[in-house]
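Here is a short report on one protein model.

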Amino acid sequence: MIATLKERAARFLVKRSAPGGEFSQRNFASIFSKTYSFLILMPAKESDFRFVFPILDYLREQRKNVVVMTYDFRVSLLQPYFKTNAIEHGLKDETQLKLPSKKLLDKLSSMRFDVIIDSNRDEILYYSYVAKSLNAHVKIGFVRSDADKYFNLQVINKQNDPETSYKNLIDCLKMFQGL
């Protein structure tokens, strides 16, 4: 019962307090070639975690600056190249409502990101709040309820097949690369 009340309160705070709101119309034709800095919010689900590695490799091949945000106990699973730019978070970085702490948001806000990619296929309010709170030109996430409030580019999510969902995300990035 208390957990449900905390989740409702957190959802209310996310809707009310985070900046953002409406996205302006944007032409994505050459957005990928004009961006350099990416923040990748890694999946909270352990079964999805390794499916994001091809996306990280693709961005590295394209010479993009990639910063990965994940749980502190999962940083060791990242490839060595991405460990150095990883932002880890743990229990100390959560409020009582399971939202990111002000200290973590201030740290992320001090960095400049052109693109934020939330690689969680299910809604994780913690990561949605991070995506909504940061000022980036492009915010990419999977189609889910209320995704319009957080992302200006959404990718189709195959609930039963995570591999296909992440392949769709890579294909989407490739599509906007050379137009």
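The buried residues of α6 are L125, Y126, Y127, S128, Y129, V130, A131, K132 and S133. That is nine of its nine residues, and the helix is mostly covered. Buried means under 20% relative accessible area, exposed over 50%, and partly exposed in between, with a 1.4 Å probe and protein chains only. Helices (H or I, at least four residues) and strands (E, at least two) are DSSP runs, numbered from the N terminus.

This is a predicted model: local features need pLDDT of at least 70, side-chain atom pairs count only at pLDDT 80 or more, and totals for chains, interfaces and linings use all residues. Residues are numbered from 1 along each chain as its sequence is written, and side-chain values use heavy atoms, with hydrogens and water left out.

Y127 sits in helix α6, residues 125–133. R144 lies in the loop between β5 and β6 (153–155). V155 belongs to strand β6.

| Residue | Relative accessibility |
|---|---|
| Y127 | 0% |
| R144 | 14% |
| V155 | 5% |

What does Y127 touch beyond its sequence neighbours? Leaving aside residues within four places in sequence, Y127 is in contact (heavy atoms within 4.5 Å) with L41, M42, A44, M69, T70, Y71, H89, D118 and N120. Its side chain also makes a polar contact with the side chain of H89, at 2.7 Å. A polar contact is a pair of N or O atoms within 3.5 Å; within protein, one must be able to donate a hydrogen and the other to accept it, and residues adjacent in sequence count only if both atoms are side-chain atoms. Y127 and Y150 are 23 residues apart in sequence, and their C-alpha atoms are 10.0 Å apart in space.

R144 has a polar contact too. Its side chain pairs with the side chain of D118 at 2.9 Å. Setting aside neighbours within four places in sequence, R144 is in contact with D118, N120, R121, D122, E123, S128 and F151.

V155 and F142 are 13 residues apart in sequence and 4.7 Å apart in space, C-alpha to C-alpha. Not counting residues up to four places away in sequence, V155 touches I140, G141, F142, V143, S165, N168, L169 and C172.

**Helix α5**

In helix α5, residues 102–109, L104, L105 and L108 are buried. Seen down the axis of α5, its buried residues fall within an arc of 100 degrees, so they line one face of the helix. The arc is that of the directions from the helix axis to the C-beta atoms. The face turned away from the buried side carries the exposed residues K102 and K103. What do the buried residues of α5 pack against? They pack against β1 (37–41), β2 (65–71), β3 (86–89) and α6.

**The cavities**

A search of the whole structure finds two cavities of 30 Å³ or more. On a 1 Å grid over the protein atoms alone, a cavity is a set of points where a 1.4 Å probe fits but cannot get out; lining residues have an atom within 4 Å of a point. Grid points are joined across faces, edges and corners, and a volume is the space filled by probe spheres set on the points.

The largest cavity has a volume of about 70 Å³. Its lining is I31, F32, T35, F38, V115, V138, I140, L153, C172, L173 and F176. β5 (138–142) and α7 (162–175) each supply at least two residues of this lining.

Technical notes: 1 Å grid on protein atoms, 1.4 Å probe; cavity = no way out; pocket = protein on both sides within 12 Å on 5 of 7 lines; lining within 4 Å.
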